[in-house]
Amino acid sequence: MKKILLIIQREYLSRVKKKSFVVMTILGPILMIGLIFAQFWIKMIPEEKQKILVVDESKLFTNKLENSSNSTFTFSNNSLIDEQNNFFKTDYNVILYIPANIIDSQKIQIFYKKQPGLSLQDYISTVIEKKLEDMKLIASGINANQLKSIKTKLNVTNTKIEKNGIFETKDNEVSMILGFLAGILIYFFIFLYGAQVMRGVIEEKTSRIIEVIISSVKPFELMMGKIIGIAMVGLTQFLLWIILSAVGTTLVGNALMKDDLKIEAVEQTYKSNVPQQKDVFKELDSQQKTEIINSFFEQVNFPVMIGSFLFYFLFGYLLYGALFAAVGSAVDSEADTQQFMLPITVPLILAFVFSQNVMTNPESALAFWLSIFPLTSPVIMMVRIPFGVPYFDLFLSMFLLVAGFIGVTWLSGKIYRTGILMYGKKNSYKELWKWLFYRA
Amino acid sequence: MYIFTAENIIKKYDNYIALNEVSIHVQRGSIFGLLGPNGAGKTSLIRIINQITGPDKGEMFFNGEKLGLKHIERIGYLPEERGLYKKMEVGEQVLYLARLKGLSRKEAISKLKYWFEKFEITGWWNKKIEELSKGMQQKVQFIVTILHQPELLILDEPFSGFDPINANLIKNEILELKKQGTSIIFSTHNMASVEELCDDIALINKSKKILEGSVKEIKKEFSTNTYKVEFTGNIVSFTNALWTSCQLIEQYSEGNVNYAIVKLLHQTNPNQLLQHIIPHVNVNGLQEIVPSMNDIFIAKVSNEKIATVEGLTE
């Protein structure tokens, strides 16, 4: 027991002291904060004014297109060819050509000097589409007010009736996203730190220190020491990221953004050149806005979320860590790991892929089975939890994960203790299978 | 008194038998040579002694007690396939490995100081292993092996990777350790070092022990009663003096001096040989030709080969 602590200590310190760890720990939050603020910042930069010259042969739109903050429409009476020839003498960025038969053809054309952004194209087509729709409606005898009363926005309330007759109303978009993010985080953590376990095992094998060490400790102790040590490295890094990100965001946020700017920036992020999205945000009154913020805390069952996150985070990693260690022990170099990686990567990637499916269909049979199968449950159960998981499912899944961890670690330990002493040989699955039955 | 004995060890992998009823007996305070061609089963046996793997059958005793995990700290092992963490600093690494062998941090540091001074490598404490030459790494590795003052030391090809000067340094250290009472199991292909260092040997071939005993006795057993005679005088009269109980194997001259290699048959002794030849030539010297461990090794192992070939044809 004392020796396994020594091993954990070495595995932990040798990684935490590395420059790459320090760099990643500092760089991670900086990148995160940078990304967040870069988004605000980009939104705050006034976009280049787009001067659009409209050649409208249909004459339907003349002077009917409204200018927006960064695009102005100017209508021309000249022919398209004339304007094209003159294009470089003017300071227009874009020529918008509306053909005479626009209603039938439903086609417009844009000519440009420099490729305009997607948002401009979106903006132009949305504006024209909307105008066309309005025109068509009016042509069929519906006026603007009637149109407004026809347009409908539905509000759906989800209420689940439990067997015991309790009604539970859920509006859990936020916790849904949190659950999904937690699942993805677990997925990346397993890959990132599982691969470190594997690399550590290969390093010990190729540097040939392995035989020196296992003449002092049992191979199983070495394997577990390594897995636990690296888990602690991961947790340390994760914790530091959260702390640094939180501190950094607050500091940078306060320093960079005075109140006015802040609100403007937030609104800018919601606003876009596409009018429909603008509408959604505008439609919310201030009361609704505060409701959203309050409901964030009401919706998320934090004790359950955090508790199960830590559980699946840890045991998911431990289970896969043992598998990664077994793979590392069976090869001589990282290049040879490919053939043994499949059983590890396939369930993980499947979990990742199906997590979206589970999000749209959280009570399906697929979701159930994936969330109790130990190799996929760490990711899938996190996605399911926000939708309310029966305690039976949750405990079954947790129990199976722990049982799976013990079983997989036991098997991996058997492969590991034989594999680490096999040098210079390409091993196959058949050999790994035989190792399971060797006497220690 | 034996420090270590192994009785009838059997180890199987799949259908392959790595060790077949192998027994060895290591005297306390002696150097025991574990010999055999590549793939004979030496490494399997050494790993079993170190409890890295377990035997399928057979028993082992350390100091008369059944070998168990508590003995790990009293054994030192220098594997043939050896190495250190390349990115770790020398001092930190040796401390770590010493503590895994049960030394406290304090003990380990004071012992390390002694060895680092003795090997003149005090300046390396903060260097990374990858910055050292191969020979330097081997020195560090040797210190790691003996730092916890094991009662039984197992050295697998300890001289590989050393230049002659450092090999000599290590050899003297081994002899010094023996003087202090350490028992050593020494596995090598270098037969010259076996003659120089070993008290007893066991020869393993094809998973079986085919020879065990003290080096002196084995040599005696394998002596062929062959002598080299150095003489001056007429070669023909020398040859004529030989009778049916001896066989002239080789004969050559260097200047005036002649040499003859004579094998004595039918329990003839060298005295009788001298009585026969002294009247005819001037004998300058007589010397028994003793088989080297190298010869014995080759003879024993190739004998086995012949035996198997014959076995197959039968």
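A: Start with what a contact is: two residues are in contact if their C-beta atoms, placed from the backbone, lie within 7 Å. In chain A, residues 24 or more positions apart account for 71% of the contacts with a separation of 6 or more. Keep in mind that this is a predicted model.

Q: How many helices and strands are there in chain A, and what share of its residues counts as buried?

A: Chain A holds 18 helices and 6 strands. A residue is buried if 20 or more other C-beta atoms lie within 10 Å of its own. By that count, 29% of the 440 residues of chain A are buried.

Q: How do I describe two packed helices?

A: The angle between their axes and the distance between the axes describe the pair. Take helix α7 (residues 173–206) of chain A and α14(A): their axes come within 10 Å and cross at roughly 175 degrees. Angles over 145 degrees count as roughly antiparallel, and α7(A) is therefore roughly antiparallel to α14(A).

Q: Which residues of α7(A) and α14(A) meet?

A: From α7(A) come A:M176, A:F180, A:G183, A:Y187, A:I190 and A:F191, and they meet A:L348, A:A351, A:F352, A:S355 and A:M359 of α14(A). By class, this contact has 9 nonpolar residues, 2 polar and no charged. The general idea behind the spacing is that an α-helix has 3.6 residues a turn, so residues three or four places apart point the same way.

Q: At what angle do α13 and α16 of chain A cross?

A: The axes of α13 (residues 302–330) and α16 (residues 377–384) of chain A cross at roughly 165 degrees and come within 9 Å. These two helices are therefore also described as roughly antiparallel to each other. The crossing of α13(A) past α16(A) is left-handed. On the α13(A) side the contact is made by A:S308, A:F309, A:Y312 and A:G316, and on the α16(A) side by A:S377, A:P378, A:M381 and A:M382. Its residues divide into 5 nonpolar, 3 polar and no charged.

Q: How should I read a nonpolar core?

A: In soluble globular proteins, nonpolar side chains tend to be buried together. Here the largest nonpolar core has 122 residues, and those with the most contacts inside it are A:I227, A:A325, A:V327, A:M382, B:V94, B:I154 and B:F186. Helix α13(A) gives the most to this core, with 14 residues. A second, separate core has 16 residues, among them A:L65, A:Y92, A:L120 and A:I124.

Q: Which residues is A:A325 in contact with, leaving aside its neighbours within four places in sequence?

A: The partners of A:A325 are A:V197, A:M198, A:V201, A:M223, A:K226, A:I227, A:S412 and A:Y416.

Q: What do the buried residues of α15(A) pack against?

A: In helix α15 (residues 365–372) of chain A, the buried residues are A:A367, A:L370, A:S371 and A:I372. They pack against α14 (338–360), α16 and α17 of chain A.

Q: Is A:T409 buried or exposed?

A: A:T409 lies in helix α17 (residues 391–419) of chain A and counts as buried because 22 C-beta neighbours fall inside 10 Å. For contrast, look at A:N85 in helix α3 (residues 80–86) of chain A. A:N85 counts as exposed because it has 11 C-beta neighbours inside 10 Å.

Q: What is to be said about the backbone of A:K59?

A: A:K59 is not a glycine, although its phi is positive, at about 60 degrees. A:K59 sits in the loop between β1 (50–56) and β2 (71–76) of chain A and is exposed, with 10 other C-beta atoms within 10 Å. In chain B, B:S207 has a positive phi near 70 degrees and is a residue other than glycine. B:S207 is found in the loop between β9 (200–205) and β10 (208–214) of chain B, and with 21 C-beta neighbours inside 10 Å, B:S207 counts as buried.

Q: How many residues does each chain bring to the contact of chains A and B?

A: Chain A brings 18 residues and chain B brings 22 residues. On the side of chain A that touches chain B, α1 (2–16) and α8 (210–213) are the elements that give two or more residues. Of these, α1(A) gives the most, with 4 residues. That side of chain A has 8 nonpolar, 4 polar and 6 charged residues.

Technical notes:
Residues are numbered from 1 along each chain as its sequence is written. Chains are lettered from A and ligands numbered from 1 in the order in which they are written. This is a predicted model: local features need pLDDT of at least 70, side-chain atom pairs count only at pLDDT 80 or more; totals for chains, interfaces and linings use all residues. Axes are lines fitted to C-alpha atoms, for helices over the stretch in contact, and angles run from 0 to 180 degrees between N-to-C directions. Angles under 35 degrees count as roughly parallel, over 145 as roughly antiparallel, 65 to 115 as roughly perpendicular and the rest as oblique. A crossing is left-handed if the near helix is turned anticlockwise from the far one by less than a right angle, and right-handed if clockwise. Ala, Val, Leu, Ile, Met, Phe, Trp, Tyr, Cys and Pro count as nonpolar, Asp, Glu, Lys and Arg as charged, and the others, Gly among them, as polar. A residue is buried if 20 or more other C-beta atoms lie within 10 Å of its own, exposed if 12 or fewer, and partly exposed in between; C-beta atoms are placed from the backbone. A nonpolar core is a set of buried Ala, Val, Leu, Ile, Met, Phe, Trp, Tyr and Cys residues joined through C-beta atoms within 7 Å.
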